[in-house]
Amino acid sequence: MSIVCTVGKQKYDKDIIFNSNDILLYSVTMKIVFLGVGEAFDENLPNNSHLIITEKTKLLLDCGYDIPKQLWKYNPDQNLLDAVYISHQHADHYFGLTALFMRMWEEERKKPITIICQNGFKDNFERVMEFAYPGFSKNFKFKIKFIEVDKNTRIKFNDLELSFADTVHSGNNLAIRTKNKEKSISYSGDGMFNENTEKLYRNCDLLIHEAYLYDKKIIGHACIMDLVKMAEGNNIKYLALTHLQRDFRRNDLEEIKDKVKNNELKVIIPEPLDEYNL
Ligand SMILES: [Zn+2]
Ligand SMILES: [Zn+2]
């Protein structure tokens, strides 16, 4: 696998494969844009949320309150997204949906969009929209399709196979694995892995996982030391660490980078709007 880092919208490498119309040109089959990499209350970093781009699909993974602006900075096209996945009902993972959908309405989007979510989310989404901007959602010109999933669901969405597993978190969270013909990317949402999630992550090319601290265990979150061990044991090629506790990331980032240098497993600590190609 060649993995190429580009920063922001600048594209440095000839292997970069998307032209202005996002048509797949060369050999890269999956692209990830780390829109936000922060925890819930970090004053410097937008919430944990990422965009997966394949030949046929643009899938947003979570949409916290900081994320609409990140997405619009990356690409302001109101028709960009095909689907949004919401891992769990914590505001740093879904409160951005109100602004995201209102701008789609304002810019007269007509293309349908899919929300992939857990059972019961649809009602809450409608309540949140109505609370935020009363009376507007009934005027949307685009259809919102809901696909409700649980930890045993496997679905095909365009060119992606999607599967899910529970994690240990203070809210009911489902990690997701996305796979096209050649590559796979998993994303934890929030929470410590268990044997189900380990199975979900096994052999994936890139795992984007939340971590809170280096070796101190916090209930409901993973720590970096456990994650590196788990990733090595499950043949994961690249591990991206996100959602790091704000003081820890601010004060100890260089030290963390030194500690996680590892030849087999490649550990990435992305900055907002970093892009990687698989
Ligand atoms: Zn969170
Ligand atoms: Zn959470």
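In β3, F34 has H50 as its bridge partner. That pairing is a handy way into this predicted model, where local features need pLDDT of at least 70, side-chain atom pairs count only at pLDDT 80 or more, and totals for chains, interfaces and linings use all residues. Residues are numbered from 1 along each chain as its sequence is written, while chains are lettered from A and ligands numbered from 1 in the order in which they are written.

How confident is the predictor? Its confidence in each residue is called pLDDT and runs from 0 to 100. The protein averages 90, and 90% of the residues score at least 70. Residues 1–25 are another story: pLDDT stays under 50 there, and the model has 39 contacts beyond four places in sequence for them. A contact here means that the C-beta atoms of two residues, placed from the backbone, lie within 7 Å.

Now back to the strand. Helices (H or I, at least four residues) and strands (E, at least two) are DSSP runs, numbered from the N terminus. Two strands pair if DSSP finds at least two bridges between them.

| β3 (residues 49–53) | five | H50 |

β2 is mostly covered, with six of its six residues buried. Buried means 20 or more other C-beta atoms within 10 Å of a residue's own, exposed means 12 or fewer, and partly exposed is in between, with C-beta atoms placed from the backbone.

G36 belongs to β2 (residues 31–36). Why does G36 count as buried? Because it has 27 C-beta neighbours inside 10 Å. Leaving aside neighbours within four places in sequence, G36 touches a list of residues including L45, G64, D66 and P272. G36 and H50 sit 14 residues apart in sequence, yet 6.7 Å apart in space, C-alpha to C-alpha.

Next, the backbone angles. Most residues other than glycine have a negative phi, and most peptide bonds are trans. D62 isn't a glycine, but its phi is positive, about 70°. You'll find D62 in the loop between β4 (58–61) and α1 (67–74). N235 isn't a glycine either, and has a positive phi of about 55°. Its place is in the loop between α6 (224–233) and β13 (238–242).

Technical notes: pLDDT = per-residue confidence, 0-100.
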